[in-house]
Amino acid sequence: MFCVSAASKKPLPQLPDPEMGLSELGDQMVIALQDYMPLRDDDLPLQKDQEYRLINSSHSDWWTVQDDRGNAGFVPSILVAEKNGKNFERFEWYNKHISRWEAEELLMKEGKEGAFMVRDSRQVGVYTVSVFTKAPGSNGEKNPRVKHYQIRQTDTEKKAFYLAEKYLFSTIPELIHYHQHNAAGLITRLRHPVTKGERSSQEITDPSKDQWEINPEELDLGQKIGCGQFGLVLEGKWRDRKVAVKMVKEECMSDEDFKEEAQVMMRLSHCKLVQLYGVCTQRSPMCLVFEYMENGCLSDYLREKKGRLSQDLMLGMCLDVSEGMAYLESSNFIHRDLAARNCLVSKNNEVKVSDFGMTRFVLDDQYTSSQGSKFPVKWSAPEVIKYSKFSSKSDVWSFGVLMWEVYNEGRLPYENRSNSEVVESLNSGLRLLKPRLAPDAVHMLMEWCWKEKPEDRPSFALLLHELAALSDL
Ligand code: ADP
């Protein structure tokens, strides 16, 4: 089963009064731009591309919607698009009254590849996407520059919007959301929304710095639950929820780089990813606050349950991870260290992917250099070992090893062999052996993940599809 999750382009604001707005039923329908996992009891989960009835949109950040089973609740307004609507002011990519010239000036000033905005064209009712790029143009355009793409509409009875002919969307927010993840004909993906810089009233009244900053007074620290690459992991409490807190030793992490990336990581949100809630930089050491996972890491969990793991359970674990990874893949985010030790198990025995992208901030050559003693060679694709060429397809290789760990109930791969022996045997075309508990179909998927050439390996989207088909058998 696929479940709902959250990921917003703007950090989530304070919720309105729960009493507000469950009354004014309307006929307006909205489409979910992405999955949303409720944060409070009165939120409603959203499933990407599903339609919901809009009940109340009087609050700018939280709208009330109703699903097709009659459940109503709050959802972040930036995660839904009104069908036939032209009200984009809640999206941070939209600038209403801005000229082409002003747009160019703002985007050039921002100077980041993929900085973009949507603005009104001179033609009434038409919108333009302006995007900054340094990429070389096909007809020798100078760099850096701003490119403008008009959002077009099809002539068909049911109007659809597009930027590049092949990709049609029923609303503009859906189109923008798609191109935030896929260049698909544009010079670059739409990476950084840029606004004119008028501060919203919320920002003016709330000087609480960056949205990912966690107020140390709201964070209670408890017992030690583990020890990792960056230091101690404690259990804790934050806003009435149990959390895991990673206390980051200064010498272990490149924290400036991390702080920059934390915002991207917080927006990655899916029910099969361990959610990063925020960062507390006002405490020393700095700490990272994550969703709490009662049943600890997957490798330990597998070893504890050895001999008692059913086929359904093992397949379900692989399916969970492939679901989380398919989401990362679709967000163009590379994990770089996928392994059973970097997945965690929830209270309901769901497996979630953790520590995604974190190796980039580790300050330990032994861990980050492929020659280093702590480098996860046994999970790494050949192109990573040889040229540090990470990609979603190198994550796919690691996923094959993770499946192997699952079906071997937590055994370490290539148990008694050194890293150099492993590299040698991989080079001569050898692969891990079929686990005794793995059905042929699952073993075939593992072998597919271990194809020498990255392009011959399946995507996570495909793996998810294949595993889901096996679980339906
Ligand atoms: P690091 O990323 O610093 O290497 P790990 O993620 O390996 O740290 O965490 C070390 C241990 O702490 C894990 O093996 C697990 O037992 C515990 N732990 C980490 N994160 C969580 C979490 N979100 N919920 C519960 N336990 C956790």
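User: Which residues of helix 12 are buried?

Analyst: Bear in mind that this is a predicted model, where local features need pLDDT of at least 70, side-chain atom pairs count only at pLDDT 80 or more, and totals for chains, interfaces and linings use all residues. Residues are numbered from 1 along each chain as its sequence is written, and side-chain values use heavy atoms, with hydrogens and water left out. Helices (H or I, at least four residues) and strands (E, at least two) are DSSP runs numbered from the N terminus, and buried means under 20% relative accessible area, exposed over 50%, partly exposed in between (1.4 Å probe, protein chains only). By that cut-off, the buried residues of helix 12 are Phe460, Leu463, Leu464, Leu467 and Ala468.

User: Within what arc do the buried residues of helix 12 fall, seen down its axis?

Analyst: An α-helix has 3.6 residues a turn, so residues three or four places apart point the same way. In helix 12 the buried residues line one face because, going by the directions from the helix axis to the C-beta atoms, they fall within an arc of 130°.

User: Which exposed residues sit on the face of helix 12 turned away from its buried side?

Analyst: The buried residues of helix 12 have cover that includes helix 6 (311–330), helix 9 (392–407) and helix 11 (440–449). On the face turned away, the exposed residues are His465 and Asp472.

User: At what angle do helix 9 and helix 11 pack?

Analyst: Two packed helices are described by the angle between their axes and the distance between the axes. Here the axes are lines fitted to C-alpha atoms over the stretch in contact, with angles from 0 to 180 degrees between N-to-C directions. The axes of helix 9 and helix 11 lie 7 Å apart, and the packing angle is about 150°.

User: Which residues of helix 11 make the contact with helix 9?

Analyst: Contact means heavy atoms within 4.5 Å. On the helix 9 side, the residues are Val396, Trp397, Phe399, Gly400, Met403, Trp404 and Tyr407. Helix 11 brings Val442, Leu445, Met446 and Cys449.

User: Is serine 380 buried or exposed?

Analyst: Serine 380 sits in the loop between helix 7 (365–368) and helix 8 (382–387). Leaving aside neighbours within four places in sequence, serine 380 is in contact with Phe375, Ile385 and Trp397. Its relative accessibility is 8%, so serine 380 counts as buried.

User: What is phi of asparagine 349, roughly?

Analyst: Asparagine 349 lies in the loop between strand 18 (343–345) and strand 19 (351–353), and is partly exposed at 37% relative accessible area. Although asparagine 349 is not a glycine, its phi is positive, at about 65°.
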